[in-house]
Amino acid sequence: HNAGRRTSTDMRDDEIDNSRTITVLYGGPIAKEVADVVVGRMKDQSVFQHVKLGDIVKYQEYGIETVDQRDVLDAATIAVMGEWEGPDPKTVDEVFLLVMETGEMEEAVGGGITFLRDTMTSVRTNREQRTDWVRCMHIARDDKTTRVVYAVLAVGDTDAMPERAMYRSKQNTAADCNQAGELADKVMEQLGGVRLCPRGEIDVA
């Protein structure tokens with residue numbers, strides 16, 4: 001359960017290639033505030049050569065799309081895709097950071113609602129087809145497609161949790177209020193995304 005999570009948002013030096021582009025997509029107003037800070041620090045420290053920022057509701061405009069593999073690949077290739085690890089996250093030209101906010105009812109906020117609705121629909125399609133590889137997340141650039149390399153920064157607020165508000169518990173942690181980020185991380189992996197680093201989690205309480 002914890003394998004895909006990191007409580008710190010820091011990446012190791014060997015995980016960063018500053019000649020690349022990072023696109024930061026946020027879902028929710030608090031997530032936007034966090035994304036603004038992240039983007040500002042990346043620009044100040046020249047972590048990436050190019051830094052983009054946008055609302056995750058427009059994820060398709062930033063090049064992320066769910067591709068039906070049957071439209072572009074033959075059946076034999078699809079059959080063995082489960083053995084393919086995809087692109088090396090350290091060498092691709094562009095990576096995506098998804099900053100996902102969780103609201104009071106443990107649900108996504110803002111554009112994150114649309115993003116999770118769309119991606120979960122693709123996951124259900126794969127389940128109905130009994131395969132992981134019918135519908136797969138790709139990034140389209142220069143008439144080429146490659147699987148999306150991504151990281152997730154989950155943003156939650158334990159003060160917004162009903163049990164916290166009622167009992168003022170001091171036992172809640174960032175892991176207790178970041179369901180939307182956890183779900184985004186899961187569905188991206190299920191749709192063939194390549195995780196750059198473990199998920200980061202923030203409690204803004």
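A residue is called buried here when its relative accessible area is under 20%. By that criterion, 45% of the 205 residues in this predicted model are buried. The protein contains six helices and ten strands. Among contacts with a separation of 6 or more, 79% are between residues 24 or more positions apart. The accessible surface amounts to about 11000 Å², and carbon and sulfur atoms account for 46% of that area.

**Nonpolar cores**

- In soluble globular proteins, nonpolar side chains tend to be buried together.
- The largest nonpolar core in this model has 23 residues, of which Ile22, Val24, Met42, Phe48, Val95, Leu97 and Val99 touch the most other members.
- Two or more residues of this core are supplied by each of strand E2 (21-27), helix H1 (29-45), strand E5 (94-101) and strand E8 (149-156).
- Helix H1 provides the largest share, with six residues.
- A second, separate core comprises 21 residues, including Ile64, Met100, Ala108 and Tyr150.
- Val24, a member of the largest core, is in contact with Ala35, Val39, Lys52, Leu53, Gly54, Leu97 and Val99 when neighbours within four places in sequence are set aside.

**The aromatic pair**

- One aromatic pair is found in a search of the whole structure.
- The pair is formed by Tyr59 and Phe115, and it is edge-to-face because the ring planes stand at 85 degrees, with the ring centres 5.2 Å apart.
- Tyr59 is located in the loop between strand E3 (50-55) and strand E4 (64-68), whereas Phe115 belongs to helix H4 (residues 111-129); the pair therefore ties together parts that are 56 residues apart in sequence.
- Tyr59 and Phe115 are both buried.

- Val123 is part of helix H4, and it is buried because its relative accessible area is 8%, below the 20% cut-off.
- Beyond residues up to four places away in sequence, Val123 touches Val187, Gln190 and Leu191.
- The C-alpha atoms of Val123 and Val187 are 7.0 Å apart in space, although the two residues are 64 residues apart in sequence.
- Arg124 also lies in helix H4, but its relative accessibility of 42% makes it partly exposed.
- A distance of 9.6 Å separates the C-alpha atoms of Arg124 and Arg135, which are eleven residues apart along the chain.

**Helix H6**

- Helix H6 (residues 179-190) has twelve residues, so at 1.5 Å a residue it should span 16 Å; the end C-alpha atoms are 16 Å apart, in agreement with that expectation.
- The buried residues of H6 include Ala180, Gly181, Ala184, Asp185, Val187 and Met188.
- Gly192 follows H6 and has a positive phi, near 90 degrees.

- Arg199 is found in strand E10 (residues 199-203).
- With a relative accessible area of 4%, Arg199 falls under the 20% cut-off and therefore counts as buried.
- The side chain of Arg199 is joined to that of Asp185 by a polar contact of 2.8 Å; Asp185 is itself one of the buried residues of H6.
- A polar contact of 3.2 Å is also made between the side chains of Arg199 and Glu201.

Note on methods
Residues are numbered from 1 along each chain as its sequence is written. This is a predicted model: local features need pLDDT of at least 70, side-chain atom pairs count only at pLDDT 80 or more; totals for chains, interfaces and linings use all residues. Side-chain values use heavy atoms; hydrogens and water are left out. A nonpolar core is a set of buried Ala, Val, Leu, Ile, Met, Phe, Trp, Tyr and Cys residues joined through side-chain atoms within 4.5 Å. Buried means under 20% relative accessible area, exposed over 50%, partly exposed in between (1.4 Å probe, protein chains only). Helices (H or I, at least four residues) and strands (E, at least two) are DSSP runs, numbered from the N terminus. Contact means heavy atoms within 4.5 Å. The expected span of a helix is 1.5 Å times one less than its number of residues. A polar contact is a pair of N or O atoms within 3.5 Å; within protein, one must be able to donate a hydrogen and the other to accept it, and residues adjacent in sequence count only if both atoms are side-chain atoms. Accessible areas come from the Shrake-Rupley method with a 1.4 Å probe; for residues, only the protein chains shown count as cover. Rings of Phe, Tyr and Trp (its six-membered ring) pair if their centres lie within 6.5 Å; planes under 30 degrees apart count as stacked, over 60 as edge-to-face and the rest as tilted.
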